[in-house]
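Good morning. Please have the sequence and the model open.

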Amino acid sequence: PKPSADPPATTVKSYACQRRTPLKHHNTFLTDALEILAENAEFNENEGRSVAFRRSASVLKALPHVVRGMDDLKNLPCLGEHSVRVIKEILEDGTSSEVESTRQSEQYQAMKALTGVFGVGVKSADRWFREGLRRPLDLIHTGQKLNLAQQAGVQYYNDLNRPVTKREAVAISHIVEKAVNAVLSGAIITLMGGFRRGKEVGHDVDFLITHLEEGAEEGLMPKVLNWLEEQGLLLYQKTTRNSYLESKDGPARPPHNLDRFERCFSIFKLEKGKEGSGTSLNTSYDSGTTEGITGTTEQPGPSWRAVRVDLVVSPFSQFAFATLGWTGSKLFERELRRWAGQEKGMSLSSHALYDSKQQRYLRANSEEEIFAHLGLEYIPPSERNA
Ligand code: CTP
Ligand code: MN
Ligand code: MN
Ligand code: MN
């Protein structure tokens, strides 16, 4: 037995929303492995197992040092027996046999490829996998019935699986600003999601739009989309109406008042050479002379690429909640809601915070105020990479 003069082990709080998780950390060799198992659990629709692996990985992301041995795991929260076993194997052998066999498995690879198509969820991918399909092109070859999102997903598959750079995100920001300003003056447009957390690349670009004058934002989404459409900048869009209606009896009511659009999952057509903030005196105009497949089957060529863009419109009274809710990471959000419910008897959404004990909504004008209501230390976006 060791004397009690050991240096104190790193203490890590158990909810991800209580911790600072930077973008770059010291244990990717472990967290990548655990996240493969989490992903595979999702493919098997085992959410509990998936979240368990994600929580384990997230704890390791918050450590200020490399995990070198099992002693480093002492006193760490959230590490289940299974995760510990995987970590131990990697520390001892360099790899985990379970992780490697998962990575190599036909099911994992097919599910990864098929769910990598925009518009394809685990359920469809799993059905197709059982029918013998393996690759996105199999969807075409076997003549599967695809919805509009999936058709766009297949059509722009290569572009949508290529990371969106920060430069491209900035270029998209300029387009969104122009579109919004064209239909409503004074609107505020904020970059959300991974880019707000400091990521250099993303799978999409997320925006939250609001207006200081409550109600001025109503009806904004369809106008913005029309403008973008007229400019030929939209390759695909699907809007979902605002389904939130605050109720005196509690949170999260199903929709009644469906007259307001709220969010839009879209695919933008981004001209190449226009990204970046510098001068756009580009002479790289090799567009127009590429193969003219024309019209609806237009394919990305040398002059433009397809980029996934999410747009959300929020009334100003909900802006702080929407900002917190759309900044992510997904695990951070999940942990915030779990903390609110389990530790505080509150219910948090991207619209509001409801206190069940006081039976009232708690107002907030900033993310800082929401953290304070929740009894949490404020964590800035760059440290929400749980
Ligand atoms: N989000 C959401 N509802 C959805 C999709 C996303 O509330 N249907 C929220 C997520 O909780 C997250 C934010 O939107 O907080 C951004 O999600 P997403 O774009 O999927 O992930 P990012 O963190 O931005 O990572 P990436 O770089 O891969 O886009
Ligand atoms: Mn287990
Ligand atoms: Mn995103
Ligand atoms: Mn998104």
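Let me begin with a question: does D206 count as buried or exposed, and at what relative accessibility? D206 counts as buried, because its relative accessibility is 9%. Here buried means under 20% relative accessible area, exposed means over 50%, and partly exposed is in between, with a 1.4 Å probe and protein chains only.

Some housekeeping. This is a predicted model, in which local features need pLDDT of at least 70 and side-chain atom pairs count only at pLDDT 80 or more, while totals for chains, interfaces and linings use all residues. Residues are numbered from 1 along each chain as its sequence is written, chains are lettered from A and ligands numbered from 1 in the order in which they are written, and side-chain values use heavy atoms, with hydrogens and water left out.

Now the metals. The manganese ion called ligand 3 has D204 and D206 as its protein donors, each through OD, at 2.0 to 2.1 Å. A donor is an N, O or S atom within 2.8 Å of the metal (3.2 Å for Na, K and Ca), and since water is not among the atoms, sites may look incomplete. The manganese ion called ligand 4 has D204, D206 and D310 as protein donors, again through OD, lying 2.1 Å from the ion. Along the sequence, the donor residues of ligand 4 follow the spacing D-x1-D-x103-D.

Which residue bridges the two manganese ions, ligand 4 and ligand 3? The bridge is D204, and the ions lie 3.6 Å apart. D204 is buried, because its relative accessible area is 6%.

Next, ligand 1. There are 16 residues around ligand 1, and the closest are G194, K199, H203, D204 and K330. To be near a molecule or strand, a residue must have a heavy atom within 4 Å of it. A polar backbone atom of G194 is 2.8 Å from one oxygen atom of ligand 1. For G328, a backbone N or O atom lies 3.0 Å from an oxygen atom of the ligand, and for G325 the distance is 3.2 Å. The protein covers 78% of the 580 Å² of accessible area that ligand 1 has on its own. Accessible areas come from the Shrake-Rupley method with a 1.4 Å probe, and for residues only the protein chains shown count as cover.

Which elements supply at least two residues each to the shell around ligand 1? They are α11 (193-196), β6 (261-271), α13 (319-327) and α14 (330-344). Helices (H or I, at least four residues) and strands (E, at least two) are DSSP runs, numbered from the N terminus. The largest share, three residues, comes from α13. By class, the shell has two nonpolar, seven polar and seven charged residues. Ala, Val, Leu, Ile, Met, Phe, Trp, Tyr, Cys and Pro count as nonpolar, Asp, Glu, Lys and Arg as charged, and the others, Gly among them, as polar.

Why does ligand 1 lie between domain 3 and domain 4? Because domain 3 (164-277 + 294-318) and domain 4 (319-383) both give residues to its shell. The domain bounds come from an automatic or database domain assignment.

Helix α13 also holds T327. T327 counts as buried, because its relative accessibility is 0%. The side chains of T327 and R196 are joined by a polar contact of 2.7 Å. A polar contact is a pair of N or O atoms within 3.5 Å; within protein, one must be able to donate a hydrogen and the other to accept it, and residues adjacent in sequence count only if both atoms are side-chain atoms.

Now some backbone geometry. Most residues other than glycine have a negative phi, and most peptide bonds are trans. The peptide bond from G328 to S329 is cis, with omega near -5°, and S329 lies in the loop between α13 and α14. N75 is not a glycine, and its phi is positive, near 70°. N75 counts as exposed, at 62% relative accessibility. Q359, also not a glycine, has a positive phi of about 50° and sits in the loop between β9 (353-355) and β10 (360-361).

Last, one more loop residue. N161 is found between α9 (157-160) and β1 (164-165), and is partly exposed, with a relative accessible area of 41%. A polar atom of the N161 side chain lies 3.0 Å from the backbone oxygen of Y157. N161 and R308 are 147 residues apart in sequence, yet 9.8 Å apart in space, C-alpha to C-alpha.

That is the end of the tour.
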